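The following exercises are to be worked with the sequence and the model in view. Each task is followed by a solution in steps.

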Amino acid sequence: MSSTFDTIANIISETCDIPRETIKPESHAINDLGIDSLDFLDIAFAIDKAFGIKLPLEQWTQEVNDGKATTDQYFVLENLSARIDDLVAAKGA
Amino acid sequence: MRLETFQLIDRIAEINLTDRKISAEATVPTTSTIFEGHFPGYPLMPGVLLIESMAQTSGWLVVAINRFERMPFLAQVREAKFRTFVEPGARLTVTAELEHDGSGFAMTNAKIAHEGKAVCSAALTFRVMEFPNAEMNQQMRDTAARIGLPDAEALAHG
C-alpha cells in the first residue's frame with residue numbers, strides 16, 4: 001500500500017502533468033510546483049475521492065488570509081500528507 | 001429561455017437532494033437576434049449557450065443543496081461534447097447530477113436531451129462562495145420561485 005505522500009504525488013503528477021520525480025515531500029504545491037487554485041480543485045477532488053475525506057480548503061484559506069497559518073502548513077506536501085492522515089484518522093474515530 | 005437576460009432555464013421539472021440530481025426544461029426561442037448571426041440562413045443554438053444551460057441547471061442544484069446560502073460560479077468546463085444541432089423552438093431537457101461536493105467547490109455532470117436523444121454533455125466545476133450581496137441572493141430566490149425551484153425553507157424541511 002502506497003504512502004499518503006506517494007498517493008498525492010501521483011495525483012498531482014497526473015492531474016497537472018508534472019513529472020513525478022520532481023514532486024518531493026518538501027515541495028510546496030503553489031510556490032515550487034506552480035499549481036494554481038483552479039488546478040488545485042482537481043487535486044482536491046482526487047484526494048477527497050482517494051481518501052474518502054473532504055479537504056477543508058475554505059478553512060485553510062481563511063486561516064492563511066487571517067494570518068493564523070502559513071501556506072507551508074497546508075501546501076508543503078509532507079505537511080499536506082500529515083493533514084490528510086489526520087482527516088482519515090478523524091473519520092475512522 | 002430568456003436569451004436577452006441570459007436566464008436559460010424555464011422550469012425545474014424535478015430535483016432530488018438525496019440523489020443530488022436535477023432536471024429542467026428549456027425551450028429555445030423561435031426568434032432571436034442571435035440567430036441572425038448564428039447562422040444567416042441556418043439558425044442554430046450556439047454551443048456556448050448549451051454549456052450555459054447545463055451550468056445554470058447545475059447551479060440551481062448546487063444552490064438548492066446549499067439552501068440558498070451559497071452561490072456557485074462556473075470555474076471549469078471539461079469534456080464538452082456536442083452531438084447534434086439544436087434549432088429554434090427545440091424543447092430541451094437539461095439534467096445534472098452532483099459528482100462531488102468539495103470545500104468551496106462543486107463538480108457536476110450535465111446533459112441536454114431533445115426528444116429523448118442526447119444533444120450534449122459536459123463535466124463542470126464551480127467555485128461555491130458566499131453570495132456577494134443580499135440583492136443577488138434575493139434575485140436568485142425570485143428567479144427560483146419563477147422557475148419552480150422549491151425555496152430555502154421548503155428545502156430545509158425536505
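The model is predicted, so local features need pLDDT of at least 70 and side-chain atom pairs count only at pLDDT 80 or more, while totals for chains, interfaces and linings use all residues. Residues are numbered from 1 along each chain as its sequence is written, and chains are lettered from A and ligands numbered from 1 in the order in which they are written.

**Exercise 1. The sheet of chain B**

Determine the order of the strands in the open sheet of chain B.

Step 1. Helices (H or I, at least four residues) and strands (E, at least two) are DSSP runs, numbered from the N terminus. Two strands pair if DSSP finds at least two bridges between them.

Step 2. On this basis, 6 strands of chain B form an open sheet with antiparallel pairing, in the order E1-E2-E4-E5-E6-E3.

Step 3. Strand E1 (11-16) and strand E3 (70-82) of chain B are the edge strands, each pairing on one side only.

Step 4. Neighbouring strands of the sheet are turned by 25° against each other on average, direction ignored. Axes are lines fitted to C-alpha atoms, for helices over the stretch in contact, and angles run from 0 to 180 degrees between N-to-C directions.

**Exercise 2. The nonpolar core**

Which residues have the most contacts inside the largest nonpolar core?

Step 1. A nonpolar core is a set of buried Ala, Val, Leu, Ile, Met, Phe, Trp, Tyr and Cys residues joined through C-beta atoms within 7 Å. A residue is buried if 20 or more other C-beta atoms lie within 10 Å of its own, exposed if 12 or fewer, and partly exposed in between; C-beta atoms are placed from the backbone.

Step 2. The largest such core has 52 residues, and Met54(B), Trp60(B) and Val94(B) have the most contacts inside it. H2(B) gives the most to this core, with 8 residues.

Step 3. Helix H2 (residues 47-65) of chain B lies across E1, E2 (21-27), E3, E4, E5 and E6 of chain B, at about 55° to E4(B).

Step 4. Not counting residues up to four places away in sequence, the residues that Val94(B) touches include Ile9(B), Ala24(B), Met54(B) and Ile112(B). Here two residues are in contact if their C-beta atoms, placed from the backbone, lie within 7 Å.

**Exercise 3. Chain A and its contact with chain B**

Which element gives the largest share of the side of chain A that touches chain B?

Step 1. Chain A has 5 helices and 0 strands.

Step 2. In the contact between the chains, 10 residues of chain A meet 9 residues of chain B. H2 and helix H3 (57-65) of chain A each give two or more residues to the side that touches chain B, and the largest share, 5 residues, comes from H2(A).

Step 3. The residues on this side of chain A divide into 7 nonpolar, no polar and 3 charged. Ala, Val, Leu, Ile, Met, Phe, Trp, Tyr, Cys and Pro count as nonpolar, Asp, Glu, Lys and Arg as charged, and the others, Gly among them, as polar.

Step 4. Helix H2 (residues 37-51) of chain A lies across E3, E4 (91-101), E5 and E6 of chain B, and runs at about 85° to E3(B).

**Exercise 4. Backbone features**

Is Asp17(A) buried or exposed?

Step 1. Most residues other than glycine have a negative phi, and most peptide bonds are trans.

Step 2. Asp17(A) has a positive phi near 55° and is placed in the loop between helix H1 (4-16) and H2 of chain A. Asp17(A) is exposed, because 8 other C-beta atoms lie within 10 Å.

Step 3. Phe6(B), in the segment before E1 of chain B, has a positive phi of about 65°. Phe6(B) counts as exposed, with 10 C-beta neighbours inside 10 Å.

Step 4. A cis peptide bond, with omega about -5°, joins His38(B) and Phe39(B). Phe39(B) lies in the loop between helix H1 (34-37) and H2 of chain B.
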